[in-house]
Amino acid sequence: MRASGILMHISSLPSRHGIGTMGEEAYKFVDFLAAAKQTYWQILPIAPTSYGDSPYQSFSTHAGNPYFIDLDMLVKDGLLEKEDLEDINWGTNPEYVDYEKIYESRFIVLRKAYERFKKQDRLLFDMFLEKNDMWISNYALFMSIKNAHDGKSWLEWDESLKRRDPHSLWLFKEAHKDDVEFWEFLQFKFFEQWSKLKEYANENGVQIIGDIPIYVALDSAAVWVHPDLFDLDENLCPRTVAGCPPDAFSPTGQLWGNPIYNWARHKETGYSWWIDRLKGSAVLYDIIRIDHFRGFDSYYTIPFGDKTAENGCWEQGPGIEFFRFVEARLGKLPVIAEDLGFLTPSVIQMLSDSGFPGMKVLEFAFDPREESNYLPYIYDKNCAVYIGTHDNNTIKGWLEEIDEDTKEFCKKFINYTGKDDSKFIWTFIKTAFACVGDTLVIQMQDYLELGKYCRMNTPSVPVGNWQWRMKKGAATKKLAEKIADITRTYGRCPR
């Protein structure tokens, strides 16, 4: 089925409180998507962010980001007073998230909500805890211990807590019952709001494309609870970490720092950890985008402690066997495989065997010096087409930075001879819509004709990422009608 959607993370929605949430503006954006005849809303991972604010480095693989809990909804629930939200500095720029201000203020307000919640009926809360017992108690305990240790990594905790001595964990939980329950309460409210938002989206013909990173953060409940599933030494420190080798874009490679999976141990457990993770994602989202798909075929490992990714080596992953095992347990999941970058024949074969659509990025297509696999006439139907992803520049920013030969080749390909950037952007968008690939996703920044300062992430640059927010009122009725007209023209309207 030919269909299209828009990529914009929840954090990028307008808000009076410094960061996008699952409140009124999220529902308005669903209305915008429906009016624009879009089938998909693609978001980034919604897990709690840690240091660096990246949604791809999280304290949990199951929990939701408390920043996305809408505070105005908590007022309606009787958990906050309007006065609780006044005189708070959430940041001064409505187009950017000031994470330092959010971190300093958000939890103070959320704890006020928790104090009022303790006086309310607990039936739904207790039902939520029982339903999510597989992960939530460990996550809440992890965050509470971290809080008691001034935010330090679990590797720096007292030895008995670090190694999860049962008696020590029991003593801590008894002494910090209220704090542990606070973290459980946040998840209760997050998933309550998320479920209502997703239901509203689905009722309006909009499906959610969610994103799961292949790796988890070292400082996470996942590694603390399941150290045997990762390549750790006797002191629970990583032997190796993840990244990418040097290439033309990054001479020293990319050092991500995530611990590497102990795939042999995962296989021994019947991949149960992954089964639980994907099962949870299938409930959260309508379609799952798996980041760094090639890592299941082979993955790059870097010695822990190295300052660059130059001394790494490739290791063999579980391959197609993993996906066949998942399918036997969960059925055929709706997946988009992020297969960008250098692909070996074995990765290409694994993608083909899986049947999942891979990704095509138009911004990668127009190097006049060599033929590119991203030129549209090479695509087949079973692919997801992007002009750029969260890791790429906006169309306008890309146009400003490419060399003249690339620009001329691109203009010739899309049949645009003018000099107006706005007309170029919309011609480029129409080229994407015309592609044969069944699925098309375009960043909201491109529809708004925004430049490079509004890109979401610049890989290997540690600061200034994940901050862009859409101006209130930018998603206009006129823009929705323009997108809808293009969507109809190129046969991507919902049936």
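Okay, let's start with a question: is D211 buried or exposed? D211 is buried, at a relative accessible area of 2%. Buried here is under 20% relative accessible area, exposed is over 50%, and partly exposed is in between, using a 1.4 Å probe and protein chains only.

Quick housekeeping. What you're looking at is a predicted model, where local features need pLDDT of at least 70 and side-chain atom pairs count only at pLDDT 80 or more, while totals for chains, interfaces and linings use all residues. Residues are numbered from 1 along each chain as its sequence is written, and side-chain values use heavy atoms, with hydrogens and water left out.

Back to D211. Its side chain meets that of R289 in a salt bridge, 2.7 Å from N to O. R289 sits in strand 6 and D211 in strand 3, so this pair ties together parts 78 residues apart in sequence. R289 is buried too, with a relative accessible area of 2%. For salt bridges, the criterion is a side-chain nitrogen of Lys or Arg within 4 Å of a carboxyl oxygen of Asp or Glu. Helices and strands are DSSP runs numbered from the N terminus: H or I with at least four residues for helices, E with at least two for strands.

By that salt-bridge rule, the count comes to 27. Let me show you two more of them. R265 is partly exposed at 30% relative accessible area, and E268 is exposed at 60%. Elsewhere, salt bridges with shared partners join E24, E25, K28 and K472 into one network. One of those links is K28 with E24, at 3.6 Å from N to O. Those two are 4 residues apart in helix 1, residues 24–35, so about one helical turn separates them. K28 is partly exposed at 39%, and E24 is exposed at 56%.

Next up, helix 11, residues 272–284. It has 13 residues and reaches 18 Å from first C-alpha to last, close to the 18 Å expected at 1.5 Å a residue; that expected span is 1.5 Å times one less than the number of residues. Which residues of helix 11 are buried? They're W273, W274, I275, R277, L278, S281 and L284. Those buried residues pack against several elements, among them helix 8 (177–203), strand 3 (207–212), strand 6 (287–290) and helix 12 (320–330). Contact there means heavy atoms within 4.5 Å. Strands 3 and 6, remember, are where D211 and R289 sit.

Now strand 11, residues 383–386. Both faces are covered: C383 and V385 on one side, A384 and Y386 on the other, all buried. Strand 10, residues 358–361, pairs with strand 11 in the parallel sense over 4 bridges, and M359 stands opposite A384. Strand 12, residues 439–443, also runs parallel to strand 11, joined by 3 bridges, with V385 opposite L440. Pairing requires DSSP to find at least two bridges between the strands.

Last stop, the surface. L123, L124 and M127 make a nonpolar patch of about 320 Å². Patches take residues with over 30% relative accessible area and no salt bridge, joining like charges within 9 Å and nonpolar side chains (Val, Leu, Ile, Met, Phe, Trp, Tyr) within 5 Å. Areas are Shrake-Rupley with a 1.4 Å probe, and for residues only the protein chains shown count as cover. L124 is in helix 4, residues 123–131, and counts as exposed because its relative accessibility is 55%.
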